[in-house]
Amino acid sequence: MSCTIVVIGYGNPGRGDDAAGPLLAEKAEQWNVPGVRVVSDYQLNVEHAADLAESELALFIDAALDAAEPWELRPVQPLNLNDFTTHAMLPETVMETCRKVYGSPPPAFVLAVRGENFELGAEPSAAFQRRIDSAARLLEEILRAENPAAVCTVHAAG
Amino acid sequence: MSEFVTRIREKSLKKVVIDPVTRVEGHGKVTIIIDEEGRVERTRLHIVEFRGFERFIQGRPYWEAPVVVQRLCGICPVSHHLAAAKAMDVVVGVGPDGGLSATAEKMRRLMHYGQMLQSHALHFYHLCSPDLLFGFESDVSKRNVLAVAAEYPEIAKQGILLRRYGQEIIRATAGKRIHGTGAIPGGINRHLSKEERDGFLTDIDQMIEWAGAAVELVKKVHSQNPDFFDSFGSFPSNHLSLVRKDGALDFYHGNIRAVDADGLKIYDQVDYKDYLDYIGEEVRNWSYMKFPFIRKLGKKNGWYRVGPLARLNTCDFVPSPLAQKQFEIFRAYTGGKPNNCTLHYHWARMIEMLHSAEVIKELLSDDDLSSGELIRRGQRVGEGVGLIEAPRGTLFHHYRVNGDDQIEMCNLIVSTTNNNDPMNKAVHRVAQDCLTGKEITDGLLNNVEVAIRAYDPCLSCATHALGQMPLEVKLTDREGNVISARRKGSRA
């Protein structure tokens with residue numbers, strides 16, 4: 001089950017802008033890029049540590065209230081946080097779980113799409129759709145690049 | 001907080017609040033009310049999020065329900081998916097007893113037992129194992145899965161892979177992990193491919209072995225301090241679940257059985273379509289969560305427990321060999337009477353995880369999964385009830401559908417709601433045992449969490465992006481004035 005890149009899009013599509021992760025994961029799945037494995041889930045959890053262990057690069061995709069407009073890309077490092085609830089983990093703690101159980105996790109980045117409305121049953125706004133389109137262009141650029149990690153690093157620095 | 005402290009000092013008041021509960025699903029707040037002498041008078045586990053889901057789904061076409069209800073909860077969406085599908089089977093004139101094709105029922109069962117496996121694995125290895133492996137009074141830095149991964153990496157790895165195995169079963173049977181579409185009114189929309197089946201069969205014996213080891217681990221931890229495990233947050237109660245017609249444990253389908261604390265049957269083999277005649281729901285003004293009760297016993301005495309402990313107390317046997325052996329040990333421990341020990345939920349949960357793995361193996365060997373009739377239709381009716389044993393307990397879905405195929409009425413009793421009164425009683429018992437003075441100590445905070453977590457409650461629907469899933473505990477006097485408050489913040 002070894003792959004080069006794992007894309008993990010997470011969120012609840014039934015809650016407005018929280019759909020960002022699953023929506024972008026769906027697009028990545030449709031592109032069918034060789035060497036890319038796509039995982040879509042409601043929340044991050046321990047089993048995603050196993051997904052990281054099988055990859056050379058990980059991309060977490062999430063909605064975020066405090067992200068820059070329209071999205072931001074940032075590197076993520078393993079972090080031993082004591083104050084999280086393990087029903088829904090952070091990328092940092094998934095990375096740390098991977099490090100403790102499987103050894104060094106791959107380099108990883110979080111693609112955070114700015115979100116504003118997370119109400120049950122809320123429809124995505126026009127602004128949110130523009131953010132998704134912009135984030136999708138970035139994601140496709142990364143996944144089709146010769147050196148995806150380098151592209152991530154450039155955009156994260158920018 | 002500073003305002004509270006000032007008021008406390010000025011007026012010497014008396015209230016404890018724990019808000020919200022970490023390592024449970026969602027957001028909880030606990031209030032402990034004490035009298036002038038500092039004795040615990042009342043405790044309350046508040047549910048602070050109002051879901052409003054029953055209204056949200058009104059007006060939608062009935063066939064959407066099995067998919068849309070998964071928005072209710074990102075923790076056990078499969079339970080809602082299948083309970084809604086079972087209700088809609090009735091609406092389209094199929095089922096619930098023998099109406100589905102063999103393929104449809106077995107695919108749904110595989111999906112559900114896969115869910116049981118992954119949910120119980122998550123709870124045991126990653127939520128309660130820090131308590132069991134490091135102790136209930138251990139340092140806060142150890143009370144999480146990362147500490148387990150550091151000191152017991154093999155156990156953590158087993159938990160990860162059991163959880164992942166169950167998740168993959170769900171993906172293969174429901175189509176995807178999010179908003180799966182596998183179950184549809186009257187059946188299922190896919191077969192399991194032979195390639196997928198063979199892949200699952202390759203690993204299933206390993207899963208059974210690990211699940212068996214988890215049962216032994218719980219028993220070992222229990223044997224080190226049985227008095228503590230038996231008494232912590234414990235109290236006699238009624239128990240309720242579905243059981244098969246022959247009395248067997250069954251997570252997917254059956255009739256309602258309720259027993260009292262001594263094992264006497266209150267109800268047996270009640271057709272769940274008539275649940276309203278047997279189960280009432282009380283509303284209390286301090287919680288959004290209702291308080292269900294057995295009508296025959298009334299509001300005061302009719303409360304009951306659901307979930308793993310209740311299921312092993314109501315059923316007569318477990319229909320798989322390894323889990324049945326463990327069940328016999330479990331039942332013998334309390335002399336064949338119901339087990340009313342709150343922390344034995346963990347023991348029961350692991351026996352159920354073992355049973356789930358055994359059932360998955362049996363189902364994977366059945367050719368009906370990869371061929372056969374997928375969907376049936378009958379005489380359309382206007383109302384349907386679907387019950388299922390979700391990981392956390394009995395889940396009720398009830399819908400009325402109008403002539404335009406729109407849902408007019410929806411009533412849900414979710415598993416955690418069934419356990420509302422018992423969780424409050426467990427907190428009360430712990431507060432009585434552990435509260436000393438008029439301050440919330442780390443020990444009290446931890447013990448309240450442990451008591452609530454035994455029920456593996458799901459206190460809100462999934463929306464991780466909003467991010468805060470904390471625990472708050474407050475100590476108050478009778479007038480509601482806060483004496484002491486502690487908060488365990490957590491970002492999810």
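How many bridges pair strand β7 (residues 255-259) of chain B with β8(B), and in which sense? I looked this up at the outset, bearing in mind that the model is predicted. I found 3 bridges between β7(B) and β8(B), in the antiparallel sense. Within this pairing I noted that B:Ile256 stands opposite B:Val270 in β8(B).

I turned next to another open sheet of chain B, which has 3 strands in the order β12-β13-β14 and antiparallel pairing. Its edge strands are β12 (383-390) and β14 (407-413) of chain B, each pairing on one side only. I noted an average twist of 15 degrees from one strand to the next. Between β12(B) and strand β13 (residues 393-401) of chain B I found 8 bridges in the antiparallel sense. For B:Glu389, I identified B:Thr394 in β13(B) as the bridge partner. I also looked for a helix against this sheet: helix α4 (residues 77-91) of chain B packs on it and touches β12 and β13 of chain B. The direction of α4 makes about 150 degrees with that of β12(B).

**Entry: α13 against α14**

At what angle do helix α13 (residues 321-333) and helix α14 (residues 344-364) of chain B pack? I read an angle of about 160 degrees, with the axes 8 Å apart. Angles over 145 degrees count as roughly antiparallel, and α13(B) and α14(B) are therefore roughly antiparallel to each other. I noted the crossing of these two helices as left-handed. On the α13(B) side I listed B:Leu322, B:Ala323, B:Gln326, B:Phe327 and B:Phe330. They meet B:Trp347, B:Ala348, B:Ile351, B:Leu354, B:His355 and B:Glu358 in α14(B). By class I recorded 8 nonpolar, 2 polar and 1 charged residues in this contact.

**Entry: α16 against α17**

From α16(B), the residues B:Met423, B:Ala426, B:Val427, B:Val430 and B:Cys434 take part. The contact has 9 nonpolar and 2 polar residues, and no charged ones.

**Entry: domain 1 against domain 2**

Finally I consulted the domain assignment of chain B, which gives domain 1 (2-49 + 419-488) and domain 2 (235-340). I found 10 residues of domain 1 in contact with 11 residues of domain 2. Which elements give two or more residues to the side of domain 1 that touches domain 2? I identified β3 (40-47) and α16 of chain B. The largest share of that side, 5 residues, comes from α16(B). I recorded the classes on this side of domain 1 as 3 nonpolar, 3 polar and 4 charged residues.

Key:
Residues numbered from 1 in each chain as written. Chains lettered and ligands numbered in written order. Predicted model: local features only at pLDDT ≥ 70, side-chain atom pairs only at ≥ 80, totals over all residues. Contact = placed C-beta atoms within 7 Å. Helix = DSSP H or I, 4+ residues; strand = E, 2+ residues; numbered from the N terminus. Nonpolar A, V, L, I, M, F, W, Y, C, P; charged D, E, K, R; others polar. Domains from an automatic or database assignment. Pairing = 2+ DSSP bridges. Axes fitted to C-alpha atoms, helices over the stretch in contact; angles between N-to-C directions. Parallel < 35°, antiparallel > 145°, perpendicular 65-115°, else oblique. Left-handed = near helix turned anticlockwise from the far one by under 90°.
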